[in-house]
Amino acid sequence: MSAHDFDIAVVGGGMVGAALALGAAHAGFRVALLERAEPPLEWPPGSHDLRVSALTRASQRILQNLGAWEAMAAAGVTPYERMQVWEARGLGEIRFDAADIGEPDLGHIVENRVVVAALWQALRREDGVEILLQREIEAIDREAEGAALQLAGGETLRAALLAGADGARSRLRELAGIGLTARDYDQHALVATVRAERGNQATAWQRFMPEGPLALLPLGRDRFSIVWTSGPARAAELQALPAEDFDCELTLASERCCGRLALEGDRALFPLRLQHATAYVQPGLALLGDAAHVIHPLAGQGVNLGLLDAGVLIDTLAEARRRGEPLGALGVLRRYERARKGHNLAVQMAMDAFKHLFCNRNPALHLLRNLGLGLADRVPPLRRGFERVALGEGIELPRLARMPSDCPEGAD
Ligand SMILES: Cc1cc2nc3c(=O)[nH]c(=O)nc-3n(C[C@H](O)[C@H](O)[C@H](O)COP(=O)(O)OP(=O)(O)OC[C@H]3O[C@@H](n4cnc5c(N)ncnc54)[C@H](O)[C@@H]3O)c2cc1C
């Protein structure tokens with residue numbers, strides 16, 4: 001019997017934790033995955049998940065390399081070829097087109113349940129992952145070169161590394177005593193699925209208004225998943241409006257870019273918050289995904305960053321194993337933290353700056369926004385820079401996010 005039951009115990013089987021568990025098992029690690037309940041693997045036809053994600057090319061490759069993309073494509077992913085961002089009550093506008101950079105699309109819009117179900121189907125086929133449901137974590141203990149989870153009912157689970165992918169309210173982070181830098185945005189995001197009279201034109205639309213942006217993310221040919229950000233009172237008012245009145249408000253807010261928009265199903269609200277863990281790692285423990293960082297959803301980057309965390313953590317652990325280093329050693333885990341924290345912080349700060357620049361009635365900032373959008377639209381290198389960011393490029397990618405041909409055999 002080895003000192004540890006597992007190499008890695010992943011807490012949280014959302015998009016990020018499930019990707020980590022699967023990728024780590026593919027890399028030859030013995031993995032335990034703890035999740036509250038198995039997510040639904042199928043659902044009634046015609047139903048919608050209100051939570052969707054805009055996935056970058058880097059995330060697409062991660063999901064392809066994990067063997068999840070095929071099932072996702074069968075369940076429904078929507079490539080978007082263009083993106084149009086414009087300023088309410090102004091002339092500032094910028095358009096991105098995948099054709100300009102020789103790409104088939106700028107990314108994909110996918111319901112979160114589709115991503116999670118595809119990862120869980122793959123997990124269920126994977127011998128290297130033991131799935132433990134409905135375990136309550138009572139405490140964590142540090143042990144020589146590892147850590148233990150004390151579970152309700154007296155069970156103990158030992159692993160060289162505990163990986164916290166348990167979301168914004170991470171229990172693991174709390175038990176480890178890792179603090180947060182956090183700030184409420186005093187904004188709520190209203191999410192819903194709507195049908196567009198003139199179809200979605202394979203375009204992601206974003207209109208900036210002083211109260212917050214309205215994002216229309218294409219689903220299929222004629223639907224959008226909307227993320228409509230505004231102050232809490234206005235968001236509650238929009239949620240409570242009768243459907244027909246809501247349709248009118250939404251159609252007006254979209255400036256009829258795709259004709260009349262009509263609600264299909266429920267509306268849900270998400271309070272928005274900026275959050276960053278003061279540390280990603282401790283001996284025997286690492287945080288990733290929303291457990292480590294929560295950012296404003298205006299550019300749809302949250303889960304994309306989390307999937308990169310997972311890829312980099314796997315690379316770091318594979319390298320440690322090759323060097324004969326303990327997986328939970330602080331020196332090893334600091335390499336992961338150094339590789340990810342700066343990038344996550346930079347994206348978080350950029351989203352924060354965008355939020356303050358665009359959700360603002362200050363006339364000087366209004367002028368700056370219009371000039372900035374106009375300039376970025378007319379200067380091709382600037383526009384291409386934005387397009388590359390949308391694709392998730394411009395940073396050193398983990399092995400899992402690279403094309404198979406970019407990963408020479410045996411390279412870590
Ligand atoms: C309105 C909105 C729109 C967004 N749009 C985008 C977008 O377009 N693109 C994008 O990249 N990001 C987007 N995001 C952000 C994205 O949704 C999150 O970054 C992402 O869901 C985080 O994934 P995660 O796996 O880290 O955490 P979560 O999705 O929160 O998953 C955590 C998992 O841990 C489990 N768990 C929690 N505690 C325990 C425990 N004690 N034991 C066992 N299991 C536990 C939970 O059940 C859950 O399954 C958006 C966010 C919002 C609010």
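Start by selecting the ligand and R36. A polar atom in the side chain of R36 sits 3.2 Å from a nitrogen atom of the ligand. Keep in mind as you look that this is a predicted model.

For V16, look at the backbone: one of its N or O atoms is 3.1 Å from a ligand oxygen. V303 also uses its backbone, with a polar atom 2.8 Å from an oxygen atom of the ligand. How much of the ligand's accessible area does the protein cover? On its own the ligand has 1000 Å² of accessible area, and the protein covers 84% of that.

Which elements give two or more residues to the shell around the ligand? Colour these to find out: α1 (15-26), β2 (31-35), β3 (52-55), β12 (180-196) and α8 (302-323). The ligand is surrounded by 26 residues, and the closest are E35, R51, A54, D290 and V303. Sort the shell by class and you get 11 nonpolar, 9 polar and 6 charged residues.

**Next stop: helix α2**

Select residues 57-65, which make up helix α2. Of its 9 residues, 7 are buried, so the helix is largely enclosed by the rest of the structure. The buried ones are R57, A58, S59, Q60, R61, I62 and L63. What covers them? Show β3, α3 (69-75), β7 (107-111), α4 (112-124) and α8, which are among the elements doing the covering.

**Into the core**

Stay with L63 for a moment. Setting aside neighbours within four places in sequence, L63 is in contact with L55, A68, W69, M72, V115, L119 and L307. L63 also belongs to the largest nonpolar core, which has 80 residues. Select V10, L63, M72, L119, L123, L149 and L157 together, as these touch the most other members of that core. There is a second, separate core too, with 28 residues, including M83, F208, L305 and M351. Here's the general idea: in soluble globular proteins, nonpolar side chains tend to be buried together.

**A serine in a loop**

Jump to S170, in the loop between β11 (156-164) and α5 (171-176). Is S170 buried or exposed? With a relative accessible area of 1%, S170 is buried. Show side chains here, and you'll find that S170 makes a polar contact with the side chain of D166, at 2.6 Å. Leaving out residues up to four places away in sequence, S170 touches L287 and A291.

A bit of background first: most residues other than glycine have a negative phi. Now pick D186 in strand β12. D186 isn't a glycine, yet its phi is positive, about 55°.

Then go to A202, in the loop between β12 and β13 (203-209). A202 has a positive phi too, near 50°, and is a residue other than glycine. Is A202 buried or exposed? A202 is buried, because its relative accessible area is 17% and the cut-off for buried is under 20%.

Methods
Residues are numbered from 1 along each chain as its sequence is written. This is a predicted model: local features need pLDDT of at least 70, side-chain atom pairs count only at pLDDT 80 or more; totals for chains, interfaces and linings use all residues. Side-chain values use heavy atoms; hydrogens and water are left out. A residue is near a molecule or strand if one of its heavy atoms lies within 4 Å of it. A polar contact is a pair of N or O atoms within 3.5 Å; within protein, one must be able to donate a hydrogen and the other to accept it, and residues adjacent in sequence count only if both atoms are side-chain atoms. Accessible areas come from the Shrake-Rupley method with a 1.4 Å probe; for residues, only the protein chains shown count as cover. Helices (H or I, at least four residues) and strands (E, at least two) are DSSP runs, numbered from the N terminus. Ala, Val, Leu, Ile, Met, Phe, Trp, Tyr, Cys and Pro count as nonpolar, Asp, Glu, Lys and Arg as charged, and the others, Gly among them, as polar. Buried means under 20% relative accessible area, exposed over 50%, partly exposed in between (1.4 Å probe, protein chains only). Contact means heavy atoms within 4.5 Å. A nonpolar core is a set of buried Ala, Val, Leu, Ile, Met, Phe, Trp, Tyr and Cys residues joined through side-chain atoms within 4.5 Å.
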